[in-house]
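Here are my notes on the model you sent. They go from the overall fold to single residues.

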Amino acid sequence: MTRLVPDRELRFRALYADAYGDVLRFAQRRVDPSRAEDVAADAFLVVWRRFDEAPARPDDLRAWIFGIARHCLLNAYRGDGRRDALAVRVAEGAPFAAMTDGLDADLLAQRLDLAAAWRRLSDTDQEALALTVFEDLTSPQAASVLGITAASYRLRLLRARRALRRQLELADSSSDVEMETLP
């Protein structure tokens, strides 16, 4: 049985207190909310086991933890056989009724179009965008999470942005056709 080193334990507790919320939100955007806490707990179990390998810089440490959380998610997906993995629920940030309070119809329509366009993106495109937009990671940090080079990540992000733009343009063109068919 390994004996806890007090300094190591204190550093881990501080890291846990600082990063748990971010890791939980990271998981909540990718799995059913009822499973997000399990993924976060699994990630921090791995972080504890590999704590001596943790990067020294805080930003790199955060990306390292997201990488571990991502691997925990992938393990969960394999176990469940879930094919709808990594879907970030853009429109579920607030209950529908709260979303409509104080919003004009155009803004609400844009949010709905964005949520629909997001669902049509590939898992790879969703993940590339989510790491930058939701997790606020730099290209090198996001690349570290995915296990690719920063240049490869920037290319993947560029392609994901183009794909999202195309999906939004499709939504615009289909709403124009609907408006033309109305009496």
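**Notes on the predicted model**

1. From the N terminus on, the elements of the protein run α-α-α-α-α-α-α-α. That comes to eight helices and zero strands. Please keep in mind that this is a predicted model.

2. Overall figures come next. The protein has 183 residues, of which 34% count as buried. Among contacts with a separation of 6 or more, 67% are between residues 24 or more positions apart.

3. The largest nonpolar core has 42 residues. Inside this core, the residues with the most contacts are V23, V47, I65, L131 and Y153. Two or more core residues come from each of α1 (6-28), α2 (33-49), α3 (58-80), α5 (105-120), α6 (123-133), α7 (139-146) and α8 (150-181). The helix that gives the most is α3, with ten residues.

4. V47 deserves a look on the display. Not counting residues up to four places away in sequence, V47 touches F12, L15, W64, I65 and I68. Of these, F12 and L15 also belong to the α1 side of the contact between α1 and α2, where V47 is on the α2 side.

5. How do α1 and α2 pack, in angle and in distance between axes? The angle is about 145 degrees, and the axes are 9 Å apart. The crossing of these two helices is right-handed. On the α1 side the contact uses R8, E9, F12, L15, Y16, A19, Y20, V23, L24, A27 and Q28. These meet A36, E37, V39, A40, A43, F44, V47, W48 and R49 in α2. By type, the residues of this contact divide into 15 nonpolar, one polar and four charged.

6. L24 is one of the α1 residues in that contact. With a relative accessibility of 15%, L24 counts as buried, because the cut-off for buried is under 20%. Leaving aside neighbours within four places in sequence, L24 is in contact with A36, E37 and A40. L24 and A43 lie 19 residues apart in sequence, and their C-alpha atoms are 9.7 Å apart in space.

7. R50 is found in the loop between α2 and α3. Is R50 buried or partly exposed? At 32% relative accessibility, R50 counts as partly exposed, because this value falls between the limits of 20% and 50%. Apart from neighbours within four places in sequence, R50 is in contact with W64 and I68. R50 and I68 are 18 residues apart along the chain, with 10.0 Å between their C-alpha atoms. W64 and I68 are also among the residues that V47 touches.

8. α6 is mostly covered, with eight of its eleven residues buried. Which residues of α6 are buried? They are D125, Q126, E127, A128, L129, A130, L131 and T132. L131 is also one of the residues with the most contacts inside the largest nonpolar core.

9. Q167 sits in helix α8. Its relative accessible area is 16%, so Q167 is buried under the 20% cut-off. Leaving aside neighbours within four places in sequence, Q167 is in contact with A117, R120 and L121.

Notes. Residues are numbered from 1 along each chain as its sequence is written. This is a predicted model: local features need pLDDT of at least 70, side-chain atom pairs count only at pLDDT 80 or more; totals for chains, interfaces and linings use all residues. Side-chain values use heavy atoms; hydrogens and water are left out. A nonpolar core is a set of buried Ala, Val, Leu, Ile, Met, Phe, Trp, Tyr and Cys residues joined through side-chain atoms within 4.5 Å. Buried means under 20% relative accessible area, exposed over 50%, partly exposed in between (1.4 Å probe, protein chains only). Helices (H or I, at least four residues) and strands (E, at least two) are DSSP runs, numbered from the N terminus. Contact means heavy atoms within 4.5 Å. Axes are lines fitted to C-alpha atoms, for helices over the stretch in contact, and angles run from 0 to 180 degrees between N-to-C directions. A crossing is left-handed if the near helix is turned anticlockwise from the far one by less than a right angle, and right-handed if clockwise. Ala, Val, Leu, Ile, Met, Phe, Trp, Tyr, Cys and Pro count as nonpolar, Asp, Glu, Lys and Arg as charged, and the others, Gly among them, as polar.
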